[in-house]
Amino acid sequence: MIKKIVVALLALLLVLACVLGFNTWRKGSRQLEVAPLAPLAVDEAGVVQRLGEAVRFRTVSSREDAKLNADQYQALQQFLVVRFPRVHAVMKREVMDNMSVLMTWQGSQASAKPIMLMAHQDVVPIAPGTEKDWAVAPFSGALKDGFIWGRGAWDNKGNLMSQLEALEALAASGFKPERTIYLFWGAHEEIGGSTDAAQIAQLLKSRGVQLDMVLDEGLLVTEGLLAGFDKPVALVGIAEKGYVSVKLSVNSSPGHSSMPPAAGSSAIAMMSSALQRIDGRQMPGAIGGVAREMFDTLAPEMKGFTRVAMSNLWLFSPLVQKQLESKASTNAMLRTTTALTIVNAGNKENVLPGRAEAVVNYRLLPGDSSQSMVERQKALVAEVVPADHFEVAALPGPQEASKVSPTDSAQYAVLSRSIREVFPESIVAPGLMIGGTDSLHLAPVSVHIFKFSPVRAKPEDLARFHGTNERIGVQNYLEAVRFYHRLLSQASKAPAQ
């Protein structure tokens, strides 16, 4: 009897091994086979100098004052007119509110849908007190140790300037696009972009424009960020999380601290219980949607057991998910995240406040809605706080998650091909953008919206994003120019008749 059980178990294991092996084998590579391009000749000294000059304009945006530093934006735009004369000779320039800019290069085939590249002029401020921590002055645009340094060198003047460098070279060569090319340079991206990006979307819609493809800043050419890869992984954002901030207000009778109410019934105590319940009941996670597509694309490029596990998520999903949830960056791909961000209560040490307030920020996966988060928070709070003692409401400005752009499309293929041609050693895969971009507002005028920046990033570089010592490598910046040159020359071709 024992022998039969052992034989049966061995047979089952053999069948399982065959199934795992077959699934692993049949998941072939999804990478486009392309020949590397010969590097485009670029005036290194000139392009580096111009990016450094652009960084010196202090185009810091402000949520409190939308017109803050308007003079710096105008000065930057005049600088661009002077430095890129050919671009401005072939493209029409429209300025909105003296800050954001729409550029149009009319294509030769009016029936072909246009394409749009996006970038933003504004930058985040330098955190007060951290100026001394910079290796160079944060708005110097200095060239040092093979890098261009300064606020905006990476986010996002690096994209803006490399797009212009590519277009200047194309215009100088006599290039004529078949599709119309649009550029949009936002002025408020770092504070939500809802003003100018949404305005541009409405303007294009009013003109009857439907864009064939939109490319905005986004995910990166990662190096050493994903375990199991000895090659760079170029992640292309095909969707973007939404967000909603939900305010919770808890009320109780105010009073003197010498005579506190029953334990757990003060405003602060009830708020504490509510926040603990909200934080302790995170939204469920799963390897689905965009995350599943990303791992399905990456699995054939992996090695050893990691490849087997990723190719057989029907069996190994719990193990893989647990590992992904252990890191904040990958956990955010699997679920709508919950973050406690603001708490206010009390103003004197011997007074029991009659009101406590808190804000919870949710970053929404495609498929979840802002209203569902409001209702969920209300239900969680009701489990620990009496209904007549609290209120829940969404703060102004919620943004729903974007739709998912298809990857089985000519638009994704031309982007993927251009990446592989300029970054030939890279693996290209779709990904989820967990931060916010201006392109979220372009959904009314395009189905194919992608979020990708041709910037190489190692683990130690991530802290520079919106942080101290922001910089971009000179050679990487030249690659960015070459990438946009190749993409524009290919994506602006009209479809074959």
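E383 has a relative accessible area of 44% and therefore counts as partly exposed, since that class lies between the 20% limit for buried and the 50% limit for exposed residues. In this predicted model, the side chain of E383 meets that of R281 in a salt bridge, with an N to O distance of 3.4 Å. R281 is likewise classed as partly exposed, because its relative accessible area is 37%. The two residues are 102 residues apart and link distant parts of the chain: R281 belongs to the loop between α7 (267–280) and α8 (289–298), and E383 to the loop between α12 (370–382) and β14 (390–394).

**Salt bridges**

Side chains of opposite charge can pair when their charged atoms come close. The whole structure contains 21 salt bridges.

| Pair | N to O distance |
|---|---|
| R50 and E165 | 2.7 Å |
| R281 and E383 | 3.4 Å |
| E421 and R486 | 2.7 Å |

The pair R50 and E165 connects helix α2 with helix α5 (residues 157–172) across 115 residues of the chain. R50 counts as buried because its relative accessibility is 19%, under the 20% limit. E165 is also buried, at a relative accessible area of 6%.

Elsewhere, salt bridges with shared partners join E223, E425, R456 and E479 into one network.

**The open sheet and its helices**

Strands β4, β5 and β17 form an open antiparallel sheet, in the order β4-β5-β17. Its edges are β4 (143–144) and β17 (471–473), each of which pairs on one side only. Three bridges in the antiparallel sense connect β5 (residues 147–149) with β17, and F147 stands opposite G473 of β17. Helix α2 (residues 44–55) packs on this sheet and touches β4, β5 and β17, its direction making about 20° with that of β5. Helix α14 (residues 474–491) also lies across β4, β5 and β17, running at about 75° to β17.

**Covered strands**

Strand β15 (residues 427–433) is mostly covered, with seven of its seven residues buried. Strand β8 (residues 233–240) runs parallel to β15 and is joined to that strand by seven bridges. Within this pairing, A239 stands opposite L432 in β15.

T338 belongs to strand β11 (residues 337–345). With a relative accessibility of 10%, T338 counts as buried. Apart from neighbours within four places in sequence, the contacts of T338 are I278, Q282, M283, V360, N361 and Y362.

**Nonpolar surface patch**

I2, V6, L10, L13, V15, L16, V19, W314 and L315 make a nonpolar surface patch of about 840 Å². Helices α1 (2–26) and α10 (313–325) each supply at least two of the patch residues. The greatest contribution comes from α1, with seven residues. One of the patch residues, V6, is located in helix α1. V6 is partly exposed because its relative accessibility is 41%.

Methods:
Residues numbered from 1 in each chain as written. Predicted model: local features only at pLDDT ≥ 70, side-chain atom pairs only at ≥ 80, totals over all residues. Heavy atoms only, no water. Pairing = 2+ DSSP bridges. Helix = DSSP H or I, 4+ residues; strand = E, 2+ residues; numbered from the N terminus. Contact = heavy atoms within 4.5 Å. Axes fitted to C-alpha atoms, helices over the stretch in contact; angles between N-to-C directions. Patch = residues over 30% accessible without salt bridge, like charges linked within 9 Å, V, L, I, M, F, W, Y side chains within 5 Å. Areas by Shrake-Rupley, 256 points an atom, 1.4 Å probe, with all protein chains shown as cover. Salt bridge = Lys/Arg side-chain N within 4 Å of Asp/Glu carboxyl O. Buried < 20%, exposed > 50% of the residue type's maximum accessible area, 1.4 Å probe, protein only.
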